Number of protein chains: 2
Amino acid sequence: MSAFENLTTNRSTYVTHLECGLKGDRYEADVIQQLSKAGRPLLVKYDLQGLAANISKTELAQRPADLWRYREFLPVRKTENVVSLGESHTPLIRLSELEENSGQLIVKDEGRLPTGSFKARGLCMAVSMAKELGISKLAMPTNGNAGAALAAYASRAGMQSYVFCPEDTPEVNVREIAAQGAKVWRVNGLINDCGRIVGEGKAATGWFDFSTLKEPYRIEGKKTMGLELADQLGWNVPDVIFYPTGGGTGLIGMWKAFNELKTMGWLSGKLPRMVAVQATGCAPVVKAFEEGTRHAELWKDAHTVASGIRVPVAIGDFLILDAVRDSGGFATAVTDESIIRGLKEVSERTGLLLCPEGAATYAAWKQELVSGRITPKENCVLFNCASGLKYPLSEANDSIDCTQPLDYGLIG
Amino acid sequence: MSAFENLTTNRSTYVTHLECGLKGDRYEADVIQQLSKAGRPLLVKYDLQGLAANISKTELAQRPADLWRYREFLPVRKTENVVSLGESHTPLIRLSELEENSGQLIVKDEGRLPTGSFKARGLCMAVSMAKELGISKLAMPTNGNAGAALAAYASRAGMQSYVFCPEDTPEVNVREIAAQGAKVWRVNGLINDCGRIVGEGKAATGWFDFSTLKEPYRIEGKKTMGLELADQLGWNVPDVIFYPTGGGTGLIGMWKAFNELKTMGWLSGKLPRMVAVQATGCAPVVKAFEEGTRHAELWKDAHTVASGIRVPVAIGDFLILDAVRDSGGFATAVTDESIIRGLKEVSERTGLLLCPEGAATYAAWKQELVSGRITPKENCVLFNCASGLKYPLSEANDSIDCTQPLDYGLIG
């Protein structure tokens, strides 16, 4: 059955080694790795010349349109270790009705992935690699969506998972995590407190720390956002990408994808300007960008309605900042008011229900068109990282007594 | 940009006329139509020979993998009238871990569509045709998901929409409908009471009645489930399809698709056995199937946790029953207990969170393997019609005080 071709066909792999994202020192592939000696994320390195020589755009186009189409660009060696719940390509949706004196406004709707968020990309890859490396017990701190994806893929792979969320994580996320087979706890703290619990518990419990960027493969999963976007645009890229930035794995992954494609000769010309979008109540990357530093300080009293980007400290901060600067992009913060207003405006005018983090990218796009940091000629892609259904919506309480005669003048 | 190719390329259309589903009398295409003179649904007819002569499987395969890939099989004449929110192909997910003495068990996850349900297929088509025919004010009774899809596509098309739900419709659905720009009311009754409000209000309000099957184009949208499934399987079909059946538009539409493909010579051999799945608390089609009648009586005191299939009377009952019988399938009912148990079993063991209606198809598959109405050799596709995130999930209340020393023995 051809729909399963990407999951059942053996394909060549091209991983050569891993490398510290900060220092560049080399680590062995195909064995369990977490952080580098410098305590920083490891990046997966490929034989890109070999890859370019052995695969063509035409061949890729004939495969099913899902994440595993890009198998040769990914770290999983053995087909039997691929853990999948149907990672179909997510659509690009052009919102021409909101374009005013601007270039194209396109949303990539990542809410269509398994478990309703882009976390599925990172976690299907990390869980597949955990399977390949013989790991069977996984733990993670999460603001909600990553935990849901971990729970689902761990259950799919027959593994146990342990998930810790801040206590104000939306109810739907916590229930989803439990329903999908994980053990889940609410913690009276923020995501870094949850992360501490995971880190400290490793020795006693034997679980593997699946925190953002503490294992090398979530980046590779998120990299497929870049591969897929370029593929969907006929191996072209937009002028600007607005990305809601918490841990930043996706921004780092996409930038890695674009550079790998450029090295292979599959992309030419200017790469997209990468814009890291944060909330004014939690903007460590924006502060570091503006101050010209390579690392971001811990943000105190972090708060925002967009809980997915409420990440006070990111271990890959320098990789985010490098990508933003190297690409000619920038980091910017938007207020909660503009996020809420943006969410309402987009859903009412276009029917597309964004998540708050997705709405933050829209708010940033509007703000930066006014500021002039993006020009009316630039075509922009916003990443809506999760389904709007995963978040509480405002009330809608009109009701009708159908046992009484109705006054249609009041209804229609 | 190639991702938008299906939405921007003019393509030939092949609609010749409409026909009463019951009597077969002929109606004009390209003008506003609702029910036939017999008060029954109208079916869209195509020049299938012309279609087969002018399009090839190879050509289709080169287009983006979305619903509009099948434009020539669909009624919209002018490209400018296509209303879309990114209807990407939904994945087929094989659940081998649940196959025991059975053929392949495959879920088609329709929860990935815009607004999180298969209703998007019917509504994007019906709203596109409303645009083509100059209609601008739409009204509908709904158990939730259809109303959400109507709201989204109407807003996308710049139209007004009016939605009426039973008062116990899940909160998330009602809020979603409102957020996406519709006017929505809760009604102290069932969906047929809501339908009565829409029908009676037409004259006073000038709205167009978008009730299930009361306009001819939702079936054509749902038909794409059949086209897409066959396409994904390399223009083959499974042995059996389990379909959660309320109004039945999808079952009718898929059966229409398979027969159109057979007439065109694109499918050969046996078509799938169509199984209509209902809940024991609302099973009018099952009763009619067992009693050998062509129409179903109104089901009194309808109740089930699977609110999407809580439809006491369906105007297309005879089309559902015809498809089930002609295909060598059957209609079957499952208890709420087996639906709840099925939902839990699938999500915990595979990570795939079904909606209750999708879980009903899984419960039916298990039940009918035992009964022998399906054999261990038959490969089956279950339709999960909506995202599990649209439904209330059971609670998950474990919590941890991170300000105190933790006992990891109790956690891990």
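Guide: Two strands pair if DSSP finds at least two bridges between them. Helices (H or I, at least four residues) and strands (E, at least two) are DSSP runs numbered from the N terminus. This is a predicted model, in which local features need pLDDT of at least 70 and side-chain atom pairs count only at pLDDT 80 or more, while totals for chains, interfaces and linings use all residues. Residues are numbered from 1 along each chain as its sequence is written, and chains are lettered from A and ligands numbered from 1 in the order in which they are written.

Visitor: How many bridges join strand β11 of chain A to β12(A)?
Guide: Strand β11 spans residues 273-279 of chain A and runs parallel to β12(A), residues 330-334. Within this pair, A:V275 stands opposite A:F330. The number of bridges joining the two strands is 5.

Visitor: Which residues of β12(A) point the opposite way to A:F330, A:T332 and A:V334?
Guide: A residue is buried if 20 or more other C-beta atoms, placed from the backbone, lie within 10 Å of its own; it is exposed at 12 or fewer and partly exposed in between. By that rule 5 of the 5 residues of β12(A) are buried. A:F330, A:T332 and A:V334 point one way, and the other way point A:A331 and A:A333.

Visitor: What radius of gyration does chain A have?
Guide: The radius is taken over C-alpha atoms, and the globule rule is 2.2 Å times the number of residues to the power 0.38. For 412 residues a compact globule would have a radius near 22 Å, and the value for chain A agrees. The C-alpha atoms of chain A fill a box of roughly 70 × 55 × 50 Å along the principal axes. The radius of gyration of chain A is 21 Å.

Visitor: Which helix supplies the largest share of the side of domain 2 of chain A that touches domain 3 of chain A?
Guide: Chain A is divided into domain 1 (2-81), domain 2 (92-115 + 217-388) and domain 3 (119-209), with bounds from an automatic or database domain assignment. The contact takes 19 residues from domain 2 and 19 residues from domain 3 of chain A, where contact means C-beta atoms, placed from the backbone, within 7 Å. The largest share of the domain 2 side, 6 residues, comes from helix α8 (residues 218-232) of chain A.

Visitor: Which element gives the largest share of the side of chain B that touches chain A?
Guide: Here 75 residues of chain B are in contact with 75 residues of chain A. Elements of chain B that each supply at least two residues include α5 (145-157), α6 (171-179) and β8 (183-187). The largest share, 7 residues, comes from α6(B).

Visitor: Which residue of β8(B) stands opposite A:S399?
Guide: Strand β14 (residues 399-400) of chain A pairs with β8(B) in the parallel sense over 2 bridges. Opposite A:S399 stands B:R186.

Visitor: Which strands of chain B stand at the edges, each with a single partner strand?
Guide: An open sheet of 3 strands in chain B has the order β2-β1-β3, with antiparallel pairing. One side of each edge strand is left without a neighbour in the sheet, because each has a single partner; these strands are β2 (26-27) and β3 (42-46) of chain B.

Technical notes. Two residues are in contact if their C-beta atoms, placed from the backbone, lie within 7 Å.
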